[in-house]
Amino acid sequence: MPQPAGLALLLMLLLSVSAPARAETYRMDVILFVDLWASGSEAGSAPEASNLKGAIDIDDVAALRAAGIEILPEDQFGLMDQYNHLRYSKQFKPLLRLAWTQKDPPQERGPGIHIRIGGSAADGTPPLVDGSIAMLLSRYLHLDADLRYQQDGQSWSLDERRKMRRDEVHHLDSAKLGILANVSKVGGGAEDATP
């Protein structure tokens, strides 16, 4: 009969062999756009700052890579039909298209990507859009958006966490800002049951 210390060691070895850690990598494609026809039905508020805690600047490649995030080049963007539809629309104006892969997205409060469009810290000009977007994975994949759109001294927010089904285009919106997003598994097989 094995000794208790030997039994514990044997159990740890068996668990490490039978339950290997699986690294999962997902890809997110996002279009951020503004609704040019949005009226005063939902008036903006006084400008306010976004919650950027834990958000990594989109140009900080080393920090993004350390968090398992890799920004993809523009020529690999996957929602071109939707982007072109928005680009030629009279009502909507695309502000950003972004694609990234992420290894093992966190369940909660993980690293977000800091999005800043327009403005200049040097001369104090506020950004047109400021905030963060993040991919999270608990039981389901989620897109977590916390963005502010500022124009003419008013601010509108898009602050939403949305459950994402893979390989479907999802739409998040507020009075002024909208997001089209698609998530897919990189190298995923049919045996994967994660929605």
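**Exercise 1. Find the contacts of His-142, leaving aside its neighbours within four places in sequence.**

Solution. Contact here means heavy atoms within 4.5 Å. On that criterion His-142 is in contact with Ala-134, Met-135, Leu-136, Arg-161, Arg-162, Lys-163 and Met-164. The structure is a predicted model, in which local features need pLDDT of at least 70 and side-chain atom pairs count only at pLDDT 80 or more, while totals for chains, interfaces and linings use all residues. Residues are numbered from 1 along each chain as its sequence is written, and side-chain values use heavy atoms, with hydrogens and water left out.

**Exercise 2. Decide whether His-142 is buried or exposed.**

Solution. Buried means under 20% relative accessible area, exposed over 50%, and partly exposed in between, with a 1.4 Å probe and protein chains only. His-142 has a relative accessible area of 15%, so the residue is buried.

**Exercise 3. Classify the aromatic pairs in the whole structure.**

Solution. Rings of Phe, Tyr and Trp (its six-membered ring) pair if their centres lie within 6.5 Å; planes under 30 degrees apart are stacked, over 60 edge-to-face, and the rest tilted. The search finds two pairs.

Step 1: the ring centres of Phe-33 and Phe-92 are 5.4 Å apart and the planes are at 85°, so this pair is edge-to-face. Phe-33 belongs to strand 1 (residues 25-35) and Phe-92 to strand 4 (residues 92-103), so the pair ties together parts 59 residues apart in sequence. Phe-33, at 6% relative accessibility, counts as buried, whereas Phe-92, at 23%, counts as partly exposed.

Step 2: for Tyr-149 and Trp-156 the centres are 6.1 Å apart and the planes are at 45°, so this pair is tilted. Both Tyr-149 and Trp-156 are buried.

**Exercise 4. Identify the residues with the most contacts inside the largest nonpolar core.**

Solution. A nonpolar core is a set of buried Ala, Val, Leu, Ile, Met, Phe, Trp, Tyr and Cys residues joined through side-chain atoms within 4.5 Å. The largest has 33 residues, and Ile-115, Ile-133 and Ile-179 have the most contacts inside it. Elements giving two or more residues to this core include strand 1, strand 4 and strand 7. Apart from this core lies another, of nine residues, among them Leu-72, Leu-86, Ala-99 and Leu-180.

Conventions:
Helix = DSSP H or I, 4+ residues; strand = E, 2+ residues; numbered from the N terminus.
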